[in-house]
Amino acid sequence: MCGISGVVGLSNISEALFQGIRNLDYRGYDSCGIAVIKKNNLVVRKNTGGVDEFFHKNDILSVKSTIGIAHTRWATHGSVTHENSHPFMSCDEAFAVVHNGIISNYRLLREDLIGEGHKFYSETDTEVIPHLLEKYYEKYKNVETAFLSTLNSLEGTFAVVLISSYHPSQIFCARRESPLMIGIGDEQKFVGSDFNAFIDYTKNAIIIEDGEYAIISRDSYVVKSFLT
């Protein structure tokens, strides 16, 4: 099982993101990565290896941001490589995604997206998600609508979390048969694959149920159903 951590706050969240993903080490991992937004641009750092090694070797704590997501991976689709590590980005670099679970129809989705001009760099099922988001955003010009269209295109199981330069103060996430929850802090909001992702900062948690998605900002959150 992989680990997911996400934080949005008033001030720099790098330390909280590090502690969150570090607390998920017990799940096992072979690679690690983060995505943050700086000056409305996505910054992605990822590599093979463990959390402490990754954060300190790549000086991740010096990357200042008020919003970010992180992931530790235990390989299911594809070997242990930099390219197969999360997060994954869309071609236009406007969406960054982390994911737990298995997208069972990813091969068909990938073939269709390649036919439409999208470029893939990994062997993973997850990489179809940011490309679907880009595709549907181009159609609807709305991140939430693009997210819903993407979720309803996916078959299989998932906990998926994303940030986008189109909404640089919000985290979008959803669950189908893979654990995901929100942590409610005074100056920060969190999302995690389990309680340990934010236990150092808050004990106030909201469980996202199967078939639900959430939009989280520093001072609010909303949970809705994506079932049609």
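**Note on the sheet and its cores**

1. In this predicted model, six strands make up an open sheet, ordered β5-β6-β7-β8-β12-β13, with antiparallel pairing. Strands (E, at least two residues) and helices (H or I, at least four) are DSSP runs numbered from the N terminus; two strands pair if DSSP finds at least two bridges between them. Because β5 (88-89) and β13 (220-225) are at the edges with a single partner strand each, one side of each has no neighbour in the sheet.

2. Residues are numbered from 1 along each chain as its sequence is written. Local features need pLDDT of at least 70, side-chain atom pairs count only at pLDDT 80 or more, totals for chains, interfaces and linings use all residues, and side-chain values use heavy atoms, leaving out hydrogens and water.

3. Nine bridges join β6 (residues 95-103) to β7 (residues 156-164) in the antiparallel sense. H99 is opposite V160 in β7. V160 also touches, among others, F147, L151 and A174, with residues up to four places away in sequence not counted (contact: heavy atoms within 4.5 Å).

4. The largest nonpolar core contains 27 residues, and V160, F147, L151 and A174 are among those with the most contacts inside it. Such a core is a set of buried Ala, Val, Leu, Ile, Met, Phe, Trp, Tyr and Cys residues joined through side-chain atoms within 4.5 Å; buried means under 20% relative accessible area (1.4 Å probe, protein chains only). Which helix supplies the largest share of this core? Helix α4 does, with six residues.

5. A second, separate core has 22 residues, including V8, A35, V98 and I182.

Definitions and conventions: Buried means under 20% relative accessible area, exposed over 50%, partly exposed in between (1.4 Å probe, protein chains only).
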